[in-house]
Amino acid sequence: MKKSLAKHFPMLFLQFLLIVGFCSCENPQEKKFKIGFSQCVTNDAWRKTMQEEMFRELSFYPDLSLEIKDAQGNNALQIEQILEFQRQGVDLLIVSPNESSPITPIVEEMYQSGIPVIVVDRKINSNLYSAYIGGDNYEIGITAGQYIKNLLNGKGSILEIWGLRGSSPAKERHRGLMESLEGSEIKIVSQIDGEWEKDTARIRLKEYLLQANAPGFDLVFGHNDVMTIGANEIARELNLPSKIFVGVDALPGPYGGIQAITDGVLDATFFYPTGGDKAIEVAAKILAGDSFEKENILQTAAVDASNIRIMKQQTDRIINQQSSIFRQMEMIESQLKIYKSQRGLLIVFGITLFIAIVSLAYVFKSLKDKQKINRELQRKNKEVNEQKEKVLSFSKKAEEATRYKLEFFTNISHDFRTPLTLIQGPIEELIHRKDAAPFRNDLLMVRKNTFRLLRLVNQLMDFRKIDSGKLQLKVSEQVLPPFLEEIMSVFNKSAKDNQIHFRLVCENPKIKLWFDPSMMDKVMFNLLSNAFKFTPKKGTILVNVEEDPLKHEVLITVEDTGPGMNKEETEHAFDRFYQGKSGTRITGSGLGLALSKELVELQHGTIDLKSEMGEKTVFLLRFKMGKSHFEPEELFSDLIQDQILDFESFLPEQDDSFPIENEPPDLKNTVLIIEDDLEIRNYLKNKLQTSYRILEAEDTSSAFLIALDEIPDLITCDLMLKNGNGLELIKKLKATPQTSSIPIIVISAKSSEEDMLKGIKTGIDDYITKPFSISFVMERIKTILSNRNQLKEHFLHELPRETNPLNSDKKFNKAFTSLVEENLSNPHFGVNEICKEIGLSRGQLYRKTKTVLGYSVNDYITKVRLKKAKYLLINDSGSIADISFKVGFSTAAYFSTVFKNAFGITPSEYRENQTQGKK
Ligand code: FRU
């Protein structure tokens, strides 16, 4: 608010000054003194002359203003107007009294009230006034008498026309005349009252002359010229014999006395000055406090034919001068107006200039301030930018360092894969050789550590994927307890060997949760590995699952009775590459728990741990229920789960799962090895050629041609080949009728779930990641090949059917069972597909299967699937999820449920029982 006022101050100030400037120009300057003039009459030339003189004189006194009120020859009105002036607060009064007696008291009252009063022309009856200005009327009367005596040679008769009898000039002029004529033979024979007005004089004279006995006269003496001129007019009108006419005033101008003398209308007149200029001069002195004369008697003079020429010349000149003065005054007035308006403009201009300068100075100062602030801001900005750049470069360097580190680890990991494969191969071979039996435990230890290395390598690569944002969530809803049980089953043997009390505690076995099975698998595997690593013999490892309906969460805990962790270890347990002190719980690479934390948080869960030294350690996992916290593209409602269990690294050192074999070579089957790495190809070839006829190819085109020419019984295929994509080749082989049924095993370094899923979708039979166990590869080849030959027979023997089927039924039987067998891994395979292939309607098919096989179509397919599952559970080391997929179940959970319904036992229990039974 303050700022904006300061900002706008110059403009506001400018506006203010402009208003003041204009006001001062437009309003005329206030006069300092007001003069009120009470004039008895204003309608005759003498009075007009007086007023003109006053205004003329006023132009020399800019401080004075004058207002005239006309009493119109009315005493009462004059009194009233004088009082009005008093009310108006005039500073000085000028009064020309109509008649002396009625006006005297009001003049005295004004004078006594402190208002200076100047009496002009006519007098009052007292001397209570400030000043008097006027001619000597008594003197005029005397002079007129003497003049008349001369004119009439001392003898004659006079008709006297009176002014207003109550007014002093009339009385004094008469008195002077009478005194002057005293002792002579000149008599005043008649008197009429003209009351100073021409018309009144004319009317009264005419009335007088028309009287029959009106005495005659030689001379007319009028108290003023206008009445005397009127008398002359009447005399002429009535054709009176020649008379002498004498008046008073001798005004210049066309109707004045001077002109009347010139024209012969008057014979003589006496100059009676108006004194307007003198009145203003005295008023100015009084108001200014200067000294002045109280009685100011003005000069009079006689005018007649003897001096009329010179008088006329002088009065004409005076008139000319006066009109010239008037013109000059007008000019001065207009110049004054121009000056005033220019002065106003000048003031406005001056003010504007001043404001402009002030504003300019203000703007300049603001600009300077702004520049200063800008410079300061720029400096600070620069500093901030520099700091930002430093921080950015630090974080970039840190990022780069982390990236380089991870890249380094990733590269190292990749580099480790082939040597690991090449170490693992001979180890596998040696383990199974009878002559290496004394070293078997050592060899098992070497194998176990090879797997450990592999696990580390995989974890490092997972970190890389998380950091680069390539680890995508694939969330589906799972029944949690069976899922956990399956992971736990991997550790059953170790638990048994070490007499560890190991179990899942769960009140509700049907708890469902949305999560990424592959990530959850890694997390749980890590936590369980960790627990088993540190739990001593006869200890306890419990996995607990419970719902927290209030928080809408599922809580999974993994609790062990290991040595526990101290405070520092607990705080840093989830840090990447954190190494605890040796002998404590956090040792090793420091990757497993850090990776677990990342994987849990990717699923919007939390992981925590509580530990009591020497007592126990509990890992707590919390996952949100529902699926709203996942993005839609992360949700997979029908996810084919392929749990890639890293269980090999947890293999016991005394392992007897791989029988030591010494089988004779079986060269009736041909295997095509497609591999561009010569070392690995040779390695595979050396191992497999003892059992199979081997074909080799190092690129996709030669591989396809060989497959087409030779139709091998099985193909092993790498995915990243020199001249192309292995997946494309597989698709091509599956699309070609001659090669479509050849079983294919992918052996690839691409170990992500996505890669595997892509491979499996093309219809391959197995996916083995590098580094691989050669025994495992050989086992898989052997199993797949023997399955091809034995399964059909096996099912046909096992499944119920009519004892002696007809030939056509045999044909149907063969076609139907082959079809089911071929499509066993397709979860969508059903009645529609069979109808299409065999060419029967749904009804025909239903009846036929019921008659020939004794089952409905779907029941039969399920039976075959479960049968094959049983077979695979014993003969295939793949995970439960893997097997469930191979026999056409879309989820492991559903497979487990159907399996348990059919056989009263879960797939993992079945496998466990069967494996133990074997031993
Ligand atoms: C004008 C006048 C003059 C005369 C004077 C006397 O009004 O009548 O003619 O001299 O007044 O007061």
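I take helices (H or I, at least four residues) and strands (E, at least two) as DSSP runs, numbered from the N terminus. The model I am reading is predicted.

**Entry 1. Whole chain.**
I counted elements to begin with. The chain holds 29 helices and 26 strands. I then looked up burial: of the 919 residues, 46% are buried. Next came the accessible surface, which is about 47300 Å² for the chain. Carbon and sulfur atoms own 53% of that surface. I also checked contact range. Among contacts with a separation of 6 or more, 71% join residues 24 or more positions apart.

**Entry 2. Annotated stretch.**
I went to the UniProt record, an unreviewed entry. The record puts a "coiled-coil region" on residues 367-397. I compared that with the model. Residues 367-397 are 100% helix and 0% strand. I find the end C-alpha atoms of this stretch 43 Å apart.

**Entry 3. Helix 17 against helix 15.**
I turned to helix packing. Two packed helices are described by the angle between their axes and the distance between the axes. Helix 15 spans residues 517-534, and helix 17 spans residues 592-602. I read an angle of about 145° for this pair, with the axes 9 Å apart. The crossing is left-handed. From helix 15, I listed Met519, Lys522, Val523, Asn526, Leu527 and Asn530. They meet Gly592, Leu593, Ser596, Leu599, Val600 and Leu602 of helix 17. I sorted the residues of this contact: seven are nonpolar, four polar and one charged.

**Entry 4. Helix 17 against helix 12.**
I then took helix 12, residues 440-467. Helix 12 packs with helix 17 at about 35°, with axes 10 Å apart. This crossing is left-handed too. Helix 12 brings Gln459, Asp462, Phe463 and Ile466 to the contact. Helix 17 brings Gly592, Ala594, Leu595, Glu598, Leu599 and Leu602. My tally for the contact of helix 12 with helix 17 is six nonpolar, two polar and two charged.

**Entry 5. Thr561.**
I ended on a single residue. Thr561 lies in the loop between strand 17 (553-560) and helix 16 (567-572). I set aside neighbours within four places in sequence and looked up the rest. Thr561 is in contact with Thr535, Pro536, Gly539, Thr540, Glu615 and Lys616. I also checked Gly614, 53 residues from Thr561 along the chain. The C-alpha atoms of Thr561 and Gly614 are separated by 8.0 Å.

How values were computed: Residues numbered from 1 in each chain as written. Predicted model: local features only at pLDDT ≥ 70, side-chain atom pairs only at ≥ 80, totals over all residues. Heavy atoms only, no water. Buried < 20%, exposed > 50% of the residue type's maximum accessible area, 1.4 Å probe, protein only. Contact = heavy atoms within 4.5 Å. Areas by Shrake-Rupley, 256 points an atom, 1.4 Å probe, with all protein chains shown as cover. Axes fitted to C-alpha atoms, helices over the stretch in contact; angles between N-to-C directions. Left-handed = near helix turned anticlockwise from the far one by under 90°. Nonpolar A, V, L, I, M, F, W, Y, C, P; charged D, E, K, R; others polar. UniProt positions renumbered as here; feature names shortened; annotations may be inferred.
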